[in-house]
Amino acid sequence: MGVINMSNPPPPPPPPNSRTKDFFASPALSLSLAGIFRDAPSVAGSSREVEDGDEGSCRRDENTVEVSSENSGPVRSRSEEDLFDIDEEDDQEDGDKNKKKKRKKYHRHTAEQIREMEALFKESPHPDEKQRQQLSKQLGLAPRQVKFWFQNRRTQIKAIQERHENSLFKSELEKLRDENKAMRETICKSCCPNCGLATTTSNRDSANITTTHEEQQLRIENAKLKSEVDKLRAAIGKYPPGTNSSGSFSAGTDQENKSSLDFYTGIFDLDESRIKENVNQALEELKIMASAGNPLWIRSVETGREILNYDEYMKEFLAVDHHDDHMITSSNNNNNNGSGIRPLLSKRSIEASRETGDVFVDLPSLVQSFMDVNQWKEMFPCLISKATTVDVICSGEGPSRDGAVQLMFAELQMLTPMVATREVYFVRFCKQLSSDQWAIVDVSIDKVEDNIDASLIKCRKRPSGCIIQDTSNGHCKVTWIEHLECQKATVHSTYRTIVSSGFAFGARHWMATLQLQCERLVFFMATNVPTKDSNGVATLAGRKSILKLAQRMTTSFCHAISASSYHTWKKVSSKTGEDIRVSSRKNLNDPSEPLGVILCAVSSVWLPVSPHILFDFLRDETHRNEWDIMSNGGPVQCIANLVKGKDRGNAVSIQTMKSKDNSMWVLQDSYTNPYESMVVFAPVDITGMQSVITGCDSGNLGILPSGFSILPDGLDSRPLVITSRQEEKSTEGGSLLTIAFQILTNSAPSANLTVESVESVNTLISCTLRNIKTSLQCEDG
């Protein structure tokens, strides 16, 4: 639609401080825009509306609103100077007979009409039909004119606000990048790139002080830059803002709680064709690793585990090896170089494992759970403490996302603060191999790690992942390959064996967790649960509500006790000699747990008891009064029990402890698979729990979980005798028990942690461990 330019002078500007002041009282505008409009008061009074024509004619032109890049020039509306009343224009003035379209009639609203519409706009920028009808009658306008006026006003405000914010974001982003680059150059000049020390001996002390200060400032700037990048991406609608905004946080400095993802500030600028070439090579390697037998994989006679023959691996894949030359090593630390392969470096180790199993889940749902980072974290809460999709390189085809490629970050954990987490960047590739077979491929690439401090990259993925085969009836056969290259680091002696053997982060652990989580989901969705598997809860809605609450409790427990960068652990010694780690955090607004200062204390010990015996003892309510000092030695009764797996040990129960003074309910979730077991519990509000049993939402029921994590000690051995009697050929060793208690020390988030609180939880752990050892007759263990 054309704009008519006439020779009549523009209307006089409205009086100052009249409508302009009311306009900026509108809550729909950001305060930062007030400075722009104060120099252009005519904007509020210069609106004109189209009387006839379709609604699409109100669409904003690209040149309608112009904002100075310095936010100092006037804001001009195209309608201010070019549109005015032409009601009395005679058709004879139209001398151009070549015009095919009839000119539109325009009306300029009076000051009183604009004032009334501005008043309603302040209260309701989106008036409904009834409000528009009432206003049109009051002002003598057509309802369509009122509708167009509000549309134009909303479009005008949105355009100015977006341009203003984007301009601020871009200028601030460039400024932070320049400062970040300058700081990096300063640090590089003041430190040796190899050892990190000052370049001159005489100035070493002063240089170290300067470097520490510069590093601290750099980290702060990096955090600011990451926040600005998230805001800018959200503004242009390409990526959602970061979701790491929990109301809870650990005590300690921010820098101590950062991961390598928080320190990353670059733009990856990945070459899509090169990435696709790499992931296709990785896919071919994964297919061979999943299907090959001897001599690539050799099964151990002693343990039954499959072991990668690394000499055969190098012969098979050396020609297409797309990894760095410096990263080839073996977990066997075998220095024999008779095969002709280059010498292995002692600073890196290789962990390779393979596991095959059936899972009770349909193929599309399983593929989706790998490609959705939130579902992936929920599927493996005991293994993943952090995960995010850094960049989507290719979205794939159709809803199944065949061919999707995305850059991901994950922090892998063990359920103890004694073992450091592993941070890894990798590209995940989803590919359909046939109508009933898919592949999920994970592989680390060099380009990503060039943008991150090398000291933070301690783990990389060689071609890993899984081949998923649909076996009908809602089941899938999964072959899992886990192939990691890790920087060697000191591991606590208690966990050294299980970590070095590859059990902790190996394919067996991933597969066992996947099977159990899929099994839990099936029991959660089941509608025909036998009475023996669901006693104490009358309704299906109540059963689902309790299972959902128990899952949230267990996930929270897993995140609370690991060595994740979310936490800052401090070591304290108990009076009985246990090694106890404590960490505190302040919950400001998370309704899933109590508000205030929360103290978490964790201790890990070895016990000469098999894992399944220890698990059965801790989960059984009839033995609870033997170790739980909260029961005061009184009986514990189970009032509800919900089975959530084929193993009867996988269950959720509600237990009650009665004393002379009061009664307490405890929600317990027991979890076991061939690799690990957990018993997680938390005292719950009786009234709130009763509502959950009836089927009400459990999302706002705050719980603070404590519990136990049980692992085998990793000491595999040959059977002592050859016999057909199952009880005589057990090779089970001891157990690695992690015990954790969380307590609310103060309901005021602003309060500080006290020494008395630390001593109290210290005593709680010591007494509980002593009671467990006494009951299992392993005091000297």
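Modeller: Let us begin with Lys-586, which lies in strand β18 (residues 579–587). Helices (H or I, at least four residues) and strands (E, at least two) are DSSP runs, numbered from the N terminus. This is a predicted model, in which local features need pLDDT of at least 70 and side-chain atom pairs count only at pLDDT 80 or more, while totals for chains, interfaces and linings use all residues. Residues are numbered from 1 along each chain as its sequence is written, and side-chain values use heavy atoms, with hydrogens and water left out.

Colleague: Is Lys-586 buried, exposed or partly exposed?

Modeller: Lys-586 counts as partly exposed, at 25% relative accessibility. Buried means under 20% relative accessible area, exposed means over 50%, and partly exposed is in between (1.4 Å probe, protein chains only).

Colleague: How far apart in space are Lys-586 and Val-597?

Modeller: Their C-alpha atoms are 4.6 Å apart, and the two residues are 11 apart in sequence.

Colleague: What about Thr-497 and Gly-714?

Modeller: That pair is 217 residues apart in sequence, yet 5.9 Å apart in space from C-alpha to C-alpha. Thr-497 belongs to helix α14 (residues 496–500) and is partly exposed, with a relative accessible area of 31%.

Colleague: Now the whole protein. How many helices and strands are there?

Modeller: There are 20 helices and 25 strands. Of the 781 residues, 47% count as buried. Taking a contact as heavy atoms within 4.5 Å, residues 24 or more positions apart account for 69% of the contacts with a separation of 6 or more.

Colleague: Aromatics next. How many aromatic pairs does the structure hold?

Modeller: It holds 16 aromatic pairs. Rings of Phe, Tyr and Trp (its six-membered ring) pair if their centres lie within 6.5 Å; planes under 30 degrees apart count as stacked, over 60 as edge-to-face and the rest as tilted. One of the pairs is Tyr-313 with Phe-317, whose ring centres are 5.0 Å apart and whose planes stand at 50 degrees, so this pair is tilted.

Colleague: Where do Tyr-313 and Phe-317 sit?

Modeller: Both are in helix α10 (residues 310–317), 4 residues apart, which separates them by about one helical turn. In general, an α-helix has 3.6 residues a turn, so residues three or four places apart point the same way. Tyr-313 and Phe-317 are both buried.

Colleague: And why is the pair of Phe-681 and Phe-741 edge-to-face?

Modeller: Because their planes are at 70 degrees, with the ring centres of Phe-681 and Phe-741 6.4 Å apart. This pair links distant parts of the chain, 60 residues apart: Phe-681 is in strand β23 (residues 677–684) and Phe-741 in strand β25 (residues 735–746). Phe-681 and Phe-741 are both buried.

Colleague: Which residues do ring pairs link into a cluster?

Modeller: The cluster consists of Phe-370, Trp-376, Phe-380, Phe-426, Trp-480 and Trp-510. Phe-426 also has the charged end of Lys-461 over its ring, 5.5 Å from the centre. A charge sits over a ring if NZ of Lys or CZ of Arg is within 6 Å of the ring centre and within 35 degrees of the ring normal. Likewise, the charged end of Lys-544 sits over the ring of Phe-524, 5.8 Å from its centre.

Colleague: Turning to cysteines, how many disulfides does the count come to?

Modeller: The count is 0, where a disulfide is a pair of cysteine sulfur atoms within 2.5 Å. The cysteine sulfur closest to that of Cys-382 is in Cys-558, at 5.7 Å, which is too far for a bond. Cys-382 is buried, with a relative accessible area of 1%.

Colleague: Where does Asn-473 lie?

Modeller: Asn-473 is in the loop between β14 (464–470) and β15 (476–487), and it counts as exposed at 68% relative accessibility. Arg-401, also not a glycine, has a positive phi of about 60 degrees and is found in the loop between β9 (384–394) and β10 (405–412).
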